[in-house]
Amino acid sequence: TLITCSQQTIVIGLAADSGCGKSTFMRRLTSVFGGAAVPPRGGNPDSNTLISDTTTVICLDDYHSLDRTGRKEKGVTALDPRANDFDLMYEQVKALKSGVAVQKPIYNHVTGLLDAPELIQPPKILVIEGLHPMFDERVRDLLDFSIYLDISNEVKFAWKIQRDMAERGHSLESIKASIEARKPDFDAFIDPQKQYADAVIEVLPTQLIPDDNEGKVLRVRLIMKEGVKYFSPVYLFDEGSTISWIPCGRKLTCSYPGIKFNYEPDSYFDHEVSVLEMDGQFDRLDELIYVESHLSNLSTKFYGEVTQQMLKHADFPGSNNGTGLFQTIVGLKIRDLYEQLIANKANARAEAAKA
Ligand code: ADP
């Protein structure tokens, strides 16, 4: 029998506002798959695409139908669906998913113009990241797994200040104004997508420090949908129970304000979910193994893999708190999902060959 081995591309959607940690998350994800993602070689230096052995990450800004000038003329923001070409996004994601290469446009973030397109080959794992991966129903239906990074306004503000004020020299007022200006379209077009996500990472100010307004210590919630094929949520202690856990003590060094975990079943937009929460930050990353050993269903390949990944990228933002921990865990769950999907396909082919 001749068994044709058509490659299967799985498609992951990652939605978030800009400056909310998507690229950091992508670096953690590609690292779990065992390789760093780099821009396409020899192509446009302003390409937004990242490619590794297994994974291609495309930025959905490339599907802007209006460039910066066009948006200004029409008075629409980049968040507005009218500034984006969902027909082309759908056609190209569909083509890649079925194994066909595409000529994808490039939105040049430096000039604000659309550059000549680049050739994208179908990868094993295609990640579409940006403002609208779950906005269009046709595109949404192509996703094998979807993630929404939900950064609360307080935290978004703190991160923007750090980046735009410290690194880009913007004023506090202008940062405040730009967040305010984006808010109506953000609320109308971006935020509602979280109801479709299989996993949501919510980032909130800590509850361990009364009236904290620094936004340095974070309370992070990993909301995992139940009943998603090839995805079984991580749990603490006993699946489906409600647990509050303070790991600080003999086995975990904590300084003020400490660390608190929480795990419980809940509902989210009428879906049954499991929520794992971590408030606070780690003092010593190597002791993370203690926390890891109390979590189940992590989809690790060996004991301590989460800790190893976190240590490997200790310099990435969020490595000492729930953002880094949960991004790493979601990366492992995506690897697991991918491997199950592939195994299932191979089985189906073997069955078909027998028949
Ligand atoms: P995006 O790709 O969504 O624009 P990045 O991953 O480049 O976001 O992150 C943008 C900035 O936000 C970083 O330079 C950093 O200052 C801040 N940031 C991102 N993730 C975190 C985190 N987990 N903890 C603290 N700061 C973060």
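Me: What is the shell around the ligand like by class?
Reply: The shell has 4 nonpolar, 8 polar and 2 charged residues. Here Ala, Val, Leu, Ile, Met, Phe, Trp, Tyr, Cys and Pro count as nonpolar, Asp, Glu, Lys and Arg as charged, and the others, Gly among them, as polar. This is a predicted model, in which local features need pLDDT of at least 70, side-chain atom pairs count only at pLDDT 80 or more, and totals for chains, interfaces and linings use all residues. Residues are numbered from 1 along each chain as its sequence is written.

Me: Which residues come nearest the ligand?
Reply: Of the 14 residues around the ligand, they are Gly 21, Lys 22, Ser 23, Gly 318 and Thr 323.

Me: Changing topic, which strand does β12 pair with over 10 bridges?
Reply: Strand β13 (residues 271-280) pairs with β12 in the antiparallel sense over those 10 bridges. Strands pair if DSSP finds at least two bridges between them. Within this pairing, Asp 266 stands opposite Val 273.

Me: And what lies between those two strands?
Reply: The hairpin of β12 and β13 has 2 residues between the strands, and Phe 269 takes a positive phi near 45°.

Me: Where else does β12 (residues 259-268) pair?
Reply: Strand β11 (residues 243-245) and β12 pair in the antiparallel sense over 3 bridges, with Ser 244 opposite Asn 262.

Me: Finally, what is Val 127 in contact with?
Reply: Leaving aside neighbours within four places in sequence, Val 127 is in contact (C-beta atoms, placed from the backbone, within 7 Å) with Ile 12, Leu 14, Met 26, Thr 55 and Val 57.

Definitions and conventions: Near = placed C-beta within 6 Å. Contact = placed C-beta atoms within 7 Å. Helix = DSSP H or I, 4+ residues; strand = E, 2+ residues; numbered from the N terminus.
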